[in-house]
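Let us walk through this structure together, one step at a time. Keep the sequence and the 3D view at hand as you read.

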Amino acid sequence: MAYTRDQIYQVLEELGIRNWMRNAQVMGNDIILDIVSPSPAMHERKRLEIALKNAFKENLPEAKLKLTISVEAEPKAEEIKGSELPGVKNIIAVASGKGGVGKSTVSSNLAISLSKMGFKVGLLDADIYGPSMPIMFDCEDARPVSVEVNGKTKIKPVESYGIKILSIGFFADTDQAIVWRGPMAAKALNQMIRDAHWGELDFLVIDLPPGTGDIHLSIVQQVPITGAVVVSTPQNIALADAKKGVGMFQMEAINVPVLGIVENMAYFTPAELPNNKYYIFGQNGAKNLADQIGVPFLGEIPIVQSIREAADVGRPAALQENTIVADIYTNIARNAVASLVERNNTLPPTEAVRITTMAGCSSNNNK
């Protein structure tokens with residue numbers, strides 16, 4: 001059978017590499033394809049080759065593919081900056097290089113702590129494949145409704161504990177797996193960002209998926225991130241990935257200020273031995289990393305059973321009053337805002353509306 005160029009474009013579009021094609025020739029079911037790889041690394045080109053061959057085999061099974069992958073010297077990187085969200089003053093991305101370090105728990109409690117400080121806060125669950133905010137905020141059965149804003153239909157975020165929340169979990173059954181390619185996930189994320197009516201917010205906290213990939217690039221392309229918070233445990237394996245996470249935000253083309261690093265699961269203290277600390281995953285790993293790479297250290301969070309229990313029942317631990325756990329999250333939120341204030345006072349303005357003063361916050365992150 002004879003294939004068309006449009007069919008080739010469709011395959012490349014699904015892989016998210018349509019712009020990498022330099023030449024395509026179709027002669028019946030013979031396809032000659034020239035692709036430019038953005039990475040000179042041999043293993044990256046091999047991975048690209050395998051992905052292309054598998055995609056053509058799946059979508060165009062009778063195609064005889066002749067593939068050439070070359071590397072082209074890239075021009076100086078242009079900064080990726082999205083257009084601002086109306087009414088949203090500052091956007092904080094919470095990231096981790098590795099899964100399982102408690103990033104979503106930190107995101108939810110950071111949002112609550114900022115709200116308790118008097119700020120208007122929204123929370124975007126950008127972990128498309130593993131959304132957890134509906135559970136953490138006890139609103140699994142909630143469904144966003146549509147509202148008309150200036151003649152346009154918008155999505156109204158679900159509100160819980162005073163936080164405006166959007167998550168792909170609101171649009172899928174709890175036992176339904178999200179099996180999407182990168183471009184489809186990016187499209188869904190774009191809809192939650194651009195088609196939502198967030199209203200007036202001091203902060204929009206974005207809970208990113210672990211790692212450094214399509215979703216992260218989609219976020220920085222869509223909105224101007226004011227700053228990023230990176231979460232890690234003290235363990236060397238997690239720290240290696242956290243360093244990559246920081247490196248991603250510091251790339252020339254992305255250039256998002258890192259507000260600081262949070263050390264989660266820093267130590268364990270048994271209730272019956274309150275003066276004892278057991279450093280299960282190592283001691284001061286994230287703090288030492290922050291010092292090493294020159295970013296603020298925002299604080300440490302111990303392993304406390306009530307934090308896990310609070311997340312599971314849908315009432316973030318930061319909602320507790322006069323507890324050590326709530327005070328820890330409040331201190332981290334204050335340090336994050338202080339870091340943001342310093343960032344806005346020392347760096348050129350971005351597309352996001354700047355905050356120059358914050359009541360109750362110090363520019364000294366160790367305070």
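Predicted model: local features only at pLDDT ≥ 70, side-chain atom pairs only at ≥ 80, totals over all residues.

What does the side chain of Asp-241 meet in a salt bridge? Its partner is Lys-244, with 3.7 Å from N to O. Both belong to helix α7, which covers residues 236–250, and they sit 3 residues apart, so about one helical turn separates them. Lys-244 has a relative accessible area of 55% and is therefore exposed.

The spacing makes sense once you picture a helix. An α-helix has 3.6 residues a turn, so residues three or four places apart point the same way. Side chains of opposite charge can pair when their charged atoms come close.

In helix α8, which spans residues 285–293, Lys-287 forms a salt bridge with Asp-291, and their closest N and O atoms are 3.9 Å apart. These two residues are 4 apart in α8, so about one helical turn lies between them. Lys-287 is partly exposed at 34% relative accessible area, while Asp-291 is exposed at 52%. Move on to helix α9, residues 305–312, where Asp-312 and Arg-308 are 4 residues apart and again separated by about one helical turn. Their side chains meet in a salt bridge of 3.0 Å, N to O, and Arg-308 counts as partly exposed at 48%. Lys-46, Glu-49 and Lys-53 are linked in a network of salt bridges. A search of the whole structure finds 7 salt bridges.

Which residues of α8 are buried? They are Gly-285, Ala-286, Leu-289 and Ala-290. These four cover an arc of only 135° around the axis, so they lie on the same side of α8. On the other side, Asp-291 and Gln-292 are exposed. The cover over the buried residues of α8 includes α7, β12 and β13. The helix itself lies across β12 and β13, and runs at about 155° to β12. Just after α8 comes Gly-294, which takes a positive phi of about 75°.

Strands β12 and β13 lead us to the sheet. Strands of a sheet pair through backbone hydrogen bonds, either parallel or antiparallel. Here, β12 (residues 258–268) and β13 pair in the parallel sense over 5 bridges, and Glu-263 stands opposite Glu-300 in β13. How many strands does the open sheet have, and in what order? There are 8 strands, in the order β8-β9-β5-β10-β4-β11-β12-β13, and the pairing is mixed. At the edges stand β8 (158–160) and β13 (297–303), each with a single partner strand, so one side of each is left without a neighbour in the sheet. From one strand to the next, the twist averages 25°.

Helix α3, residues 103–116, packs on this sheet and touches β4, β5, β9, β10, β11, β12 and β13. The direction of α3 makes about 170° with that of β10.

Now look at the loop between β11 and α7, where you will find Thr-233. Is Thr-233 buried or exposed? Its relative accessibility is 5%, so Thr-233 counts as buried. Leaving aside neighbours within four places in sequence, Thr-233 is in contact with Val-101, Ala-238, Leu-239, Asn-264 and Met-265.

Finally, step back to take in the whole protein. It has 10 helices and 13 strands, and 47% of its 367 residues count as buried. Among contacts between residues at least 6 apart in sequence, 74% join residues at least 24 apart. The accessible surface comes to about 18,100 Å², and 50% of that belongs to carbon and sulfur atoms.

Key
Residues numbered from 1 in each chain as written. Heavy atoms only, no water. Pairing = 2+ DSSP bridges. Axes fitted to C-alpha atoms, helices over the stretch in contact; angles between N-to-C directions. Contact = heavy atoms within 4.5 Å. Buried < 20%, exposed > 50% of the residue type's maximum accessible area, 1.4 Å probe, protein only. Areas by Shrake-Rupley, 256 points an atom, 1.4 Å probe, with all protein chains shown as cover. Salt bridge = Lys/Arg side-chain N within 4 Å of Asp/Glu carboxyl O. Arc of directions from axis to C-beta.
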